[in-house]
Amino acid sequence: MDECQINLLQYLRSKTQVDIDSFDVDVSVEVPGCIDGTSNPAEIYWETVKPRHDSLVKEVLAFSGKVKSEFSTLRLEELAFEVMAIRLAFFIIPNIIGAVHVMANTSYSYHKEKIVETGKRLHKICNLLDPTFDTNRLVIKVASTWEGLQACRELALCGIKTLATTVFTMEQVVLAGEVGCVSISPFVHEAKAHFDNKYSDKFPLLRLCVQAQQFYKKQSMNTKVKACATLSVDEILQLAGVDALTIASDDLRILQKSTACKRLIESQSLFGETSVIDSTDYPSYLDDERTYRHDFSCSDQGQGQYKLMQVLAIFSDFQFKGEEFMKVHQQLLS
């Protein structure tokens, strides 16, 4: 190999924490060495309906029925979909070094108390499934609404780790750091671009990842930037230097098999020495709901608010599909 050439995955890992954006155990084996594993309702649904998990679905439904009395206010199908997410997370735990990320039901994204209940419930489910599991390796993904981020604040006080996901604006970045999220996930592309092949998002938020990381460093906050929702290897390489990257399975495979000139790919990074510094002074939003809602709704001429509503609608649809799948299978077993 030319001295200039370097494996792309090896290069990326020298700059950034590499995480797997899947609970598919086969991918976690095929691309070893990933730090965290993450999921969302769409990924859990797609994994759940695979024929190879038919017996697991039956097992999850039986377990959920057995422990239903522990969660009396919850519908059985909702509980089963959450249990399924934890079971899938347990499959990949042996193949990663860090934490698994499970998303709170996006139908509750504007209900602080229900999000807090969900975070506590997911921890309890882990303990019921496996009392030896270290819940420090579980991070609850919470949609970055005002209510969601305030729920993260309360969960942090309970010692429950959270990741603020569906981040599209600096207002969300600021508040997520203030409430004590361990990390955030800026969406480089809006969700529709990942679910509709005919739709093109022409303005990726690569720069937001840089701004967020600069802000946390400037404010001495411990929150890390875990970029996600990229659409190409080129975008991933531009983000080399971000705290962490959540990477889709296909892109991980491409990175694992590809090489390029190290000097050339290093020059692509937005986190190099020539990176433009964001000198904006952002206000504190921690206890100022009115200012936060105003600033967030105006951010990027309302695009942040639009993108947030869009992704919550998409994820909530998959949550519904997952629950319906569990409901139908429960009826078949009855």
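**Figure 1. The accessible surface of the protein chain comes to about 15,100 Å².** Carbon and sulfur atoms make up 51% of this surface; areas here come from the Shrake-Rupley method with a 1.4 Å probe, and for residues only the protein chains shown count as cover. Please keep in mind that this is a predicted model, in which local features need pLDDT of at least 70, side-chain atom pairs count only at pLDDT 80 or more, and totals for chains, interfaces and linings use all residues. Residues are numbered from 1 along each chain as its sequence is written, and side-chain values use heavy atoms, with hydrogens and water left out.

**Figure 2. The protein chain holds 15 helices and ten strands.** Both are DSSP runs numbered from the N terminus: helices are H or I with at least four residues, strands E with at least two. The radius of gyration, taken over C-alpha atoms, is 20 Å, close to the 20 Å that the globule rule gives for 334 residues, so the chain is as compact as a globular protein of that length. That rule is 2.2 Å times the number of residues to the power 0.38. Along its principal axes, the C-alpha trace spans about 60 × 55 × 40 Å.

**Figure 3. Of the 334 residues in the protein chain, 55% count as buried.** Buried means under 20% relative accessible area, exposed over 50%, and partly exposed in between (1.4 Å probe, protein chains only). Among contacts (heavy atoms within 4.5 Å) with a separation of 6 or more, 71% come from residues 24 or more positions apart.

**Figure 4. A disulfide joins Cys4 to Cys261.** The S to S distance is 1.9 Å, where a disulfide is a pair of cysteine sulfur atoms within 2.5 Å. This pair links distant parts of the chain, 257 residues apart: Cys4 lies in the segment before strand S1 (5-7), and Cys261 in strand S10 (residues 259-261). Cys4 counts as buried at 15% relative accessibility, and Cys261 does too at 11%. A search of the whole structure finds one disulfide.

Figure 5. Cys181 is buried, with a relative accessible area of 2%.
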